[in-house]
Amino acid sequence: MVACALLISGCAVPWARRSGPAPPAGWSSNLSRQDPALSGDGRLLASVVERQGRSTVLLQERASGRVLPLRHLSRWQPHSSPSLSWRGRYLALIVQRGGRRLAVIEDRLTNRLLPLPLPGGREPVRLSLAADGQRLALQLVAAGRWRVEVFELGGVLEVDPPGGQLLRNPGAPLP
């Protein structure tokens with residue numbers, strides 16, 4: 001009973017305030033949004049919306065509401081489970097291609113789409129990209145069994161560090 005009371009009273013958090021994006025131009029202001037994901041710096045919001053009968057990912061700047069282009073994703077729909085790196089350089093999500101679901105990462109800086117090959121008939125269900133872009137956790141299903149796997153992306157993606165953070169060789173001594 002105490003846990004229930006704490007949970008209910010925790011809903012009205014006095015220090016939290018609502019801060020949503022402005023409605024994007026060309027999009028209905030009463031969009032039905034799902035699967036929200038913020039970049040680590042809180043500047044970008046990705047969410048899944050219905051557009052022309054298909055689930056599509058919408059990426060926008062929170063302050064202005066401006067919709068940012070995602071060049072490679074329009075032909076691979078529907079979309080689900082978006083996840084952003086710290087500054088939003090990388091957007092990972094699950095797309096549908098034919099009868100298969102695929103995990104992909106769009107590198108918005110280099111304009112590349114990187115599919116993550118999954119052997120053995122495994123299908124992605126949900127994913128989570130680490131803020132630095134160096135690991136991806138995938139919830140997978142294969143032959144009716146659920147599992148979670150973490151993929152190392154260090155040799156594939158560059159680090160997306162917080163703003164102002166210097167990159168250094170992990171083996172190098174600190175100055």
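Analyst: Buried means under 20% relative accessible area, exposed over 50%, and partly exposed in between (1.4 Å probe, protein chains only). This is a predicted model: local features need pLDDT of at least 70, side-chain atom pairs count only at pLDDT 80 or more, and totals for chains, interfaces and linings use all residues. Residues are numbered from 1 along each chain as its sequence is written, and side-chain values use heavy atoms, without hydrogens and water.

User: Why is Glu149 called buried?

Analyst: Its relative accessibility is 14%. That is under 20%, so Glu149 counts as buried. Arg122, at 18%, is buried too.

User: What makes Glu149 and Arg122 a salt bridge?

Analyst: A salt bridge needs a side-chain nitrogen of Lys or Arg within 4 Å of a carboxyl oxygen of Asp or Glu. Here N to O is 2.6 Å, so the pair qualifies. Glu149 sits in strand β10 and Arg122 in the loop between β7 and β8, 27 residues apart. A strand is a DSSP run of E, at least two residues, numbered from the N terminus.

User: Which side chains does Arg89 meet in salt bridges?

Analyst: Asp107 at 2.9 Å and Glu158 at 3.1 Å, N to O. Arg89 is in the loop between β4 and β5 and Asp107 in strand β6, so their bridge ties together parts 18 residues apart in sequence.

User: Is Glu158 buried or exposed?

Analyst: Exposed, because 51% is over 50%. Arg89, at 12%, is buried. Asp107 is also buried, at 1%.

User: How do you know that β4 and β5 pair?

Analyst: Pairing takes at least two bridges found by DSSP. Four join β4 to β5, so these antiparallel strands pair. Leu84 stands opposite Leu91 in β5.
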